Amino acid sequence: MLFLILLLMAAPLLAEPPETVTTNAACLRCHGMKTLAYRHPQTGKIVDLFIEQFAISHSVHGKLACTECHDGDFAHYPHHAETQQRSLSCVECHEQQDDAAKRHYRFTTIDAEYAKSIHATSAETEAATFNCHSCHDPHRFHASQIGDSLATIIHNDNALCFTCHEQARIKHAWLPNRERHWETVRCLDCHTPVTNAEQAVSHHILSAADSNHDCVNCHSKNSQLLNRLYRYRAASDVASQGWLNTAIFNEAYVVGMSRSAVLDRLALAIIGLTLLILLAHGIGRYRAQQRLLRKQ
Amino acid sequence: MNHLLIKKWWALTMVRRITIGVMSVLVVTLIYKVLYPLAFEFYVGKTNAPLTYSSSQELTPEAFELLAQELSRETRQQQAATIVATDQDPFARQVKIELLMNTPSVIKDSEPAHIRYFRDAGIRRYEGPKTCLQCHATIRIQHGDGTHATLDTLNDLVNSVHFKFQTEAGGFSTYGYDGRQVNSGAHKIPVGKINRACGIPGSFSWTGWAALIASRPEAQQDAIRLRSEGCGQCHIGGNYQPATEKMMPIGDVPNDAKEGIDCLICHATEYDMNQRYVIKDHQGLRWNQDRSLRSALTVGTIDSDTCLRCHQHNMGGDTYQHNVAAQSLGYINQRLLHHGAKRGNPFSPQDDVHAAAGMECTDCHVPEGHRIPRGRKGVDLVANDLPNKEVTCESCHTSAPHHQSRDKALLNGHVARLACETCHIKELTADNVVLRDWVHSTWNAKEGIFEPTDIYRSGAAGKGFTFLWFNGNGTFLANALGNHPDKTLNYNPLMQQVARITDPDIIATVRTKATELKQQYPEIDVDAYVTAATEPLSQLNPELLVQREVMIATNLSAAMNQGESRIYPFKLFNAMMYEDMSNQGAFGAMILPFDYARYYETGDSAAAVKVAIADPIIQRMYQEPFKRYMMDEFMAYFGIMDGWKTIYPLVNNQLVNVEAHWMRQMGTLMVNHGIQRQGHACIACHAPNGIMNFAQLGYSPERVAELEQIDDIVPSLNSAAQSDGQ
């Protein structure tokens, strides 16, 4: 919610009209001020208008000029109310890209999924102004990088949800080993419908009631998780570490999921062998005693 | 047989051992409690004696009740007036109010609380701390984290900065010119006040605690009028000297001195400042107090008025028109007012937005018992009882304090780089003193005294105060430390801003003043005088100058680069004083105190130094024990690495190796009060030749150009801040 207000307010201030020669630096002369902000008269919350130069230049939008997204008359200070209220269309822009049709996960798909999402369908007043930017700050968003530790990815991902869902802890009281789950599994992994192996995790965020409560969905050989976070992980790990290291240092150990048939058989064999030895030892002692008794 | 002998011998040995043990404890106690204080008094040449005050008078029960009635009359009347109906004949109403206000129920509700306490306890005379401690032996305090503690009240006070004004503890944000944080190492020394604006600096409050000046106002045809002067007027100890004992690692302030503590000057709502004057008794000079029962009966919660009895002195100044205490100078021996304000930023409803909003000092400076926080940022070497407790604007105003202006977001944007005070203290009072010459005194005909000559006063931005990067640290001689966020090497205030005055207006004023002084002091070389006053580094020889630059670069850069700096306003101050040149370094030499009476009465500044340094405690300062105990360490912080030279500068009543100099740099004092609702307009800084020298603040030439010319983005800039405020 706050994010949304923030972005609606912040975003349009970022550009100048096309007729003036505009560089991002011109926008950042004001928006680069760390404390550029104001208290929203209705909510009383601080609306942050600061654009961190390092974050934006390292974001997926780092190569764009501010004016590519924020088109409007920003030559005037303060920026006109009309320009300030103009909303941004992520889908439209992303679909206009040359490679849009070739994308594995198209923005139209995202849009369609999002439309079904609880964020879009909820009647809660808090959800009324929800949009892409509520989760994806366009000024700092970047996809998880190969090399980021799984824990970091999960932490950052979940932190985003927790900024609004302050009650999550209470509502997940039922979940065994809750903190451990939150350290190793993304909220999304349970709160989106299962998708096929080729599809990324859906933007169709489910309501609490519709979300996955079945432990076995993950804690099984055919775990849902393998289609999700860990799929990316396995691929990236193999790419960077080779399959042997991946097998040994597998971060993706999940009870019930990470089964190796060889290991299972090996373990069974060891147990069987142990039992056999015990039996042989018992028989040996029995026979030795019988022999002693006979001698007496 | 043998066995019995051994037993007997053993018993005897035990008895002997126990006796020796008890005796040694007794001897140690005797030495510590009796011999040590006597030896210490003898060593420092100070004495203690029971203190009496003429205002401490016993009242009869009848007089007590009359006083009680008088003190509560106004509140009783107000309370009755709110109850009695208004829709009636005025005379009838008046009669009813008078009836009601004298009923026990109204009296009970509106009488100051201590009237009843004293009445019930049978207290008919106020006798200082003794009286207060009857009920307030302990005090329950709340720490910043919400936890509580119960403390011994007297002990809490006696160890507070308000009583001893120094500390051997750490917690200073002050860095020596040798690069060490003051008292952060193993060798801790008692320090806590180097008052750059005063000619009686720091521990020299010994020599200037209480003085009687024989003034000769011209209006009274040279008749002598005694006037009071000295550090003790603003300190709560009523003794003949400050709490010297507190400077030692052992020992305590004598009980006589503790009985001299003035509780009422802070705690009484109606303290009579006319009782604050110097009195002379058979022991010597000390400060009188209001110990009347009347004052004691008005004890209530602390408010700004009580704090400002002393603290307006260092904010608005003595001659500030709304300085309430300065309106009551004493029934006799009236206190002398110090001309030229130390900071020129008054805290009063007329000149400060927070005072006007009815806020009390303790709203921001939230006390814990008798310990009151100064805030974590401190540029000067002043002891802080609660060094970790924040006193900030942001704690109330948040980081987005502007709500009203069209430019609120832009104004809030400045918070990352500027302190609130930078815009919201637009000017200091005009009598803010910048350059003060203690050496060449000037006759004040009205007061009939010789005063130090103020060479330059100004309350204007860029003249009376400047802007510096500040991260909360300061040097040993009160220079703000901080750095441009880019940590550029261009920013070097100790070689630039505070070591050089380049403003032609100021230089011209100094020249005029020097020319005036020359009429009285023909030996003055005006050109040399102006150079020394405006370029104090010109007084350093080339080696010291090089040493200074090296020390700044190697010793101070860490303290400058700490944390995040913001630009703050700093009142500038420098003084010409006598210095002991045996103890000179790259940042200055040990300054010598003046004897107030001799100075004010004769104007002979050198003679006044001679009198002051003849004081036994200054002589002790120039001896080996004091050198080892603290002065070597003190000098290291001062930037003098080869120790304190114990070459006593007075031989056969002649000053030896003593010279008059300006300190090698200006001191910079934080200004945080006198906050104005309407801050500076943008254009005050964002224009060529604005009040802020961006280049000296370490900005690159390109950035300076950008900062000075922002009307390309904000065309309506000039009027931008007109609707400012919060």
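A salt bridge is taken here as a side-chain nitrogen of Lys or Arg within 4 Å of a carboxyl oxygen of Asp or Glu. By this rule, 41 salt bridges are counted over all chains. The model is a predicted one, in which local features need pLDDT of at least 70 and side-chain atom pairs count only at pLDDT 80 or more, while totals for chains, interfaces and linings use all residues. Residues are numbered from 1 along each chain as its sequence is written, chains are lettered from A and ligands numbered from 1 in the order in which they are written, and side-chain values use heavy atoms, leaving out hydrogens and water.

B:D109 bridges to B:K108, with the closest N and O atoms 3.8 Å apart. B:D109 is exposed because its relative accessible area is 51% (buried means under 20%, exposed over 50%, partly exposed in between; 1.4 Å probe, protein chains only). B:K108 is likewise exposed, at 57%. B:E111 and B:R119 meet at 3.0 Å, N to O; B:E111 is buried at 12%, whereas B:R119 is partly exposed at 26%.

B:E394 is partly exposed at 25%, and B:R566 is buried at 14%. Salt bridges with shared partners also join A:R29, B:R703 and B:E706 into one network.
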